Amino acid sequence: MVSRIIPVAPFDLVIFGGTGDLAQRKILPALFRRHCAGQLPGSERIIGAARAGLSCADYRNIVATALREHCGPRAVDDAELTSFLSRVSYVALDGMGSQGWEELAAQLRPSAEVPVRLFYFSVGPALFAPLAERLHSHGLTNGDTRIVVEKPFGRDLQTAKALNRTLASHFDEGQIYRIDHYLGKETVQNLMAVRFGNMLFEPLWNSQYVDHIQITVAETVGIEGREDYYERSGAMRDMMQNHLMQLLCLIAMEPPAKFDPDAVRDEKLKVIRALDPVEPHHIVRGQYQARQADEGGAQAHPSYRNTVGNPRSRTESYVALKAHISNWRWAGTPFYLRTGKRLVARSSVINVMFKDAPHSIFGAEAGRHANHLKIRLQPNEGITLSVTIKEPGQGGMRLIDVPLDMSFAEALGSEGGTPPDAYERLIMDVVRGDQTLFMRGDEVEAAWAWTDPIIAGWEARGDVPKPYDSGSTGPGDADLLMRRDGREWRGINP
């Protein structure tokens, strides 16, 4: 099956922070892949904007190097690269001053010619407000202007509200795209298709049939290169409040009346507002320790505290918690969420654990078995449904669980054998004006309103994160969190 490529309308895109890491690793490669796929109109303009005093040729060289490094296993085609670079230009600009704004205005085409103008804020949050103000004061916006805002969107409820107010003073909510790249993953979008497009699952998607749900986002990397940011944020602010919260919403939301941006986000907001406060004994925080080089010569990793240069750091690199949603669908069904750095494998997965059959006709010797839906977000995106069958062979009725597996790369034959990167989908959605997979302002504020008391609680108690070994599955207390309820985490698999 070949995916359909639907071209988008002509646009001008300005990437503030165009020389930065995010632009080089994600934004520009995503645009280039869409160019190679034939989705871009051919008349688009991509303008990098940053403080560095570069010429257009200098910037194109930076872009070419980034694309060759970050565009995946296939070699970059020289003809395609030349064609793409012809649409790329650069402006040296001071986001908090006056330098470069007139030059930027000169590169943007008149609204009558190309109405869609996109401004990507690939910069630190401190620059969001100054950029928004200067875009308006220099007359660079129109009715079809859209801004893309990267996380972190505030660091607590107070700062998120202040940022929302600032952006709202210059842009309508329909013009603001708060991006969470997890929502652009093919499997995340398929959560809605699986739930609301199949009669098979939705009648069972409630506390009557679901025992519990696990959401895991595990990373093998540490915090190198992000020390200052991470020491101020920690895993709760960096991952739980946004990425895992969004996955929780999509798993738990009610069916929207239609597949419409506000209808979908209304239902997600209801989930966040229905979340109960989290009890202190339902939270586990961890911090990774050093891993020494083994006999095979594996590279040693420094501890979190050594990396940030703070031997008394209480910032968590791992957090696990048990959450409850107080509504009719999910009353009594726990949601277990965990995320951490320097774990044994890179793995993002949602496990929906169904209840045992109320009565087994096969007897105790057949063993206990229950259905299990595993949704793999990364790597190797796909969905596995575990079903119970008879074990082949003689010797009576012995039951085993076998997987019905759908790997998207194999089943759908998508471009290059893998699904498009999340940024490819999300940037094209911005061009189309589709906000379905972007967070709304009240949604962000509700997430912080739930998160802030959790953080304030452990700060007031003076909790110290539990140490765990780099390359492990996290602190042992996280396993106890599950075992107290007679449950086990599903493995973090390489």
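1. The structure holds one cavity of 30 Å³ or more, and the largest cavity has a volume of about 40 Å³. A cavity here is a set of points, on a 1 Å grid over the protein atoms alone, where a 1.4 Å probe fits but cannot get out; the volume is the space filled by probe spheres set on the points, which are joined across faces, edges and corners.

2. This is a predicted model, in which local features need pLDDT of at least 70 and side-chain atom pairs count only at pLDDT 80 or more, while totals for chains, interfaces and linings use all residues. Residues are numbered from 1 along each chain as its sequence is written, and side-chain values use heavy atoms, with hydrogens and water left out.

3. The lining of the largest cavity, meaning residues with an atom within 4 Å of a point, consists of Leu13, Leu118, Tyr120, Val148, Ile427 and Val430. Strand E4 (117-121) and H12 are the elements that give two or more residues to this lining; strands (E, at least two residues) and helices (H or I, at least four) are DSSP runs numbered from the N terminus.

4. Helix H12 (residues 422-432) also packs on helix H1 (residues 21-36), at an angle of about 70° and with the axes 8 Å apart. That makes H1 roughly perpendicular to H12, a term for angles of 65 to 115 degrees; the axes are lines fitted to C-alpha atoms over the stretch in contact, and angles run from 0 to 180 degrees between N-to-C directions.

5. An open sheet of six strands has the order E3-E2-E1-E4-E5-E6, with parallel pairing, where a pair requires at least two DSSP bridges.

How values were computed:
Angles under 35 degrees count as roughly parallel, over 145 as roughly antiparallel, 65 to 115 as roughly perpendicular and the rest as oblique. On a 1 Å grid over the protein atoms alone, a cavity is a set of points where a 1.4 Å probe fits but cannot get out, and a pocket is an open set with protein on both sides within 12 Å along at least five of seven lines; lining residues have an atom within 4 Å of a point.
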